[in-house]
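Reader: I would like to go through a protein model with you, one question at a time. Please show it first.

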Amino acid sequence: MTQAQASSRLLSLDVLRGITIAGMILVNNPGSWSYVYAPLGHAQWHGLTPTDLVFPFFMFIMGISTYISLRKFNFEWNKTSLFKILKRVFVIFLIGMGIAWLSLSFRTYRSLSGEEMGFFERFFQAITNFGNIRILGVMQRLALCYGASAIIAISVKHKYIPHIIITTLVGYFLLLIFGNGFEFSEQNIISIIDRAILGTNHMYRDSGLFLDPEGLISTIPAIAHVLIGFYCGKLIMQTKDNNLRMQHLFIAGAIMTFAGFLLSYACPINKKIWSPTFVLATCGLAATLLALLIWIIDIKGHKRWSVFFESFGVNPLFIYVAAAVFSILLGNIFITYAGEPIAIKSFLYSICLQPYLGDYFASFIYAVLFVGFNWIIGNFLYKKQIYIKI
């Protein structure tokens, strides 16, 4: 068997997954949000930056992984497959809510510092502030999109999935067109519906507006996003020849990327509303990058450089969750420096890095060091062959 006809498992898929997780951690953890290099920030509204690619890339990969995992059940609707899907949805969603709760608890505890109350009363109010918890977020979107896509995959003949994707994206585009969906305001139909269903106390506020980038309505095109990844997984797994895999992905990626950017004149590329062209462009770029990685890693055998990303890629959600928890702790646990309390994160950035590296470079280096810290954990698990499934 030639190298191009390797086993059905693709190392390149783990590497791309690792690249996206490392990227998500990097862009989510600058030393200071006031000093972020432009490529490491999201587009303010319409447009696409490198940072806007990492989350949709991961969702595309999740679609591929969904195909691979459900193949074990022959895509059949039964108690075992349904239980597995619903259990995973529940666990991932609950973890996302747990991260939101932890962050809110720390913020509430600090906000009560001026109140005349004892420690235990203040602590209890902080951990029970459920009336202001954000319901949706990154992990919650992953859960909902995985659940919907997986149920579709075991309920519908796969030849109809492209029709579902197209219908969903076209329908969502019409909703945006007729509901001021491309307007950055609370008159946007997405904001109106999300506020009606979720309530403003449970939403993310963007520049003072209740326009949640992981809201309920914009999750609909994100489901189509995962389904595209699912169908690309079908293209990959239908052949064991890596040259054909690469060609199929490259062609699909080129078509979607071209379509996304061409149609953006009528339907702007926008991550915050997860516009249809954002789906097409980012899925296209993800498929193209995966094709390139298949050629470099699985066909040409250049693997040594990819070990760093493998450590992230084999335990992606666990490392992402761990990084989120560490980030919250570093930003909310205080130490005493020069007689004054200061958060650990602020100490590392403002005292240890910024005076020597400057505002922007210190902020970037802090993010890089934070990625490195999480890599140490991931690499330990990788070397011990410990795989934590969520």
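Reader: Which residues make the nonpolar surface patch of about 520 Å²?

Author: This is a predicted model, in which local features need pLDDT of at least 70 and side-chain atom pairs count only at pLDDT 80 or more, while totals for chains, interfaces and linings use all residues. Residues are numbered from 1 along each chain as its sequence is written, and side-chain values use heavy atoms, with hydrogens and water left out. Patches are made of residues with over 30% relative accessible area and no salt bridge; like charges are joined within 9 Å, and nonpolar side chains (Val, Leu, Ile, Met, Phe, Trp, Tyr) within 5 Å. With areas from the Shrake-Rupley method (1.4 Å probe; for residues, only the protein chains shown count as cover), the patch is made by Tyr37, Tyr356, Leu357, Tyr360 and Phe361.

Reader: Which helices each supply at least two residues of the nonpolar patch?

Author: Helices (H or I, at least four residues) and strands (E, at least two) are DSSP runs, numbered from the N terminus. By that numbering, Tyr360 is found in helix α14. The helices that each supply at least two residues of the patch are α13 (344–357) and α14 (359–383).

Reader: Is Tyr360 buried, partly exposed or exposed?

Author: Buried means under 20% relative accessible area, exposed means over 50%, and partly exposed is in between (1.4 Å probe, protein chains only). Tyr360 has a relative accessible area of 39%, so Tyr360 is partly exposed.

Reader: At what angle do helix α1 and helix α2 pack?

Author: Axes are lines fitted to C-alpha atoms, for helices over the stretch in contact, and angles run from 0 to 180 degrees between N-to-C directions. The axes of α1 (residues 11–28) and α2 (residues 51–70) are 9 Å apart, and the angle is about 145°.

Reader: Which residues of α1 and α2 make the contact?

Author: Contact means heavy atoms within 4.5 Å. From α2 come Thr51, Val54, Phe55, Phe57, Phe58, Ile61, Ile64, Ser65 and Ile68, and from α1 come Leu13, Leu16, Arg17, Thr20, Ile21, Gly23, Met24 and Val27.

Reader: How many salt bridges are there?

Author: Side chains of opposite charge can pair when their charged atoms come close. A salt bridge is a side-chain nitrogen of Lys or Arg within 4 Å of a carboxyl oxygen of Asp or Glu. By this rule the count is five.

Reader: Which residues are linked in a network of salt bridges?

Author: Arg134 meets Asp212 at 2.6 Å, N to O, and Arg134 also pairs with Glu214, with the closest N and O atoms 2.8 Å apart. Glu214 in turn meets Lys271 at 3.7 Å. The network is therefore made of Arg134, Asp212, Glu214 and Lys271.

Reader: How many residues apart in sequence are the parts that Glu214 and Lys271 tie together?

Author: Both Glu214 and Lys271 are buried. Glu214 lies in the loop between α7 and α8, and Lys271 in the loop between α9 (242–263) and α10 (276–299), so the parts tied together are apart in sequence by 57 residues.

Reader: Which residues does Ala143 touch, not counting those up to four places away in sequence?

Author: Ala143 is found in helix α5 (residues 138–155). At 0% relative accessibility, Ala143 is buried. The residues touched are Val89, Ile92 and Phe93.
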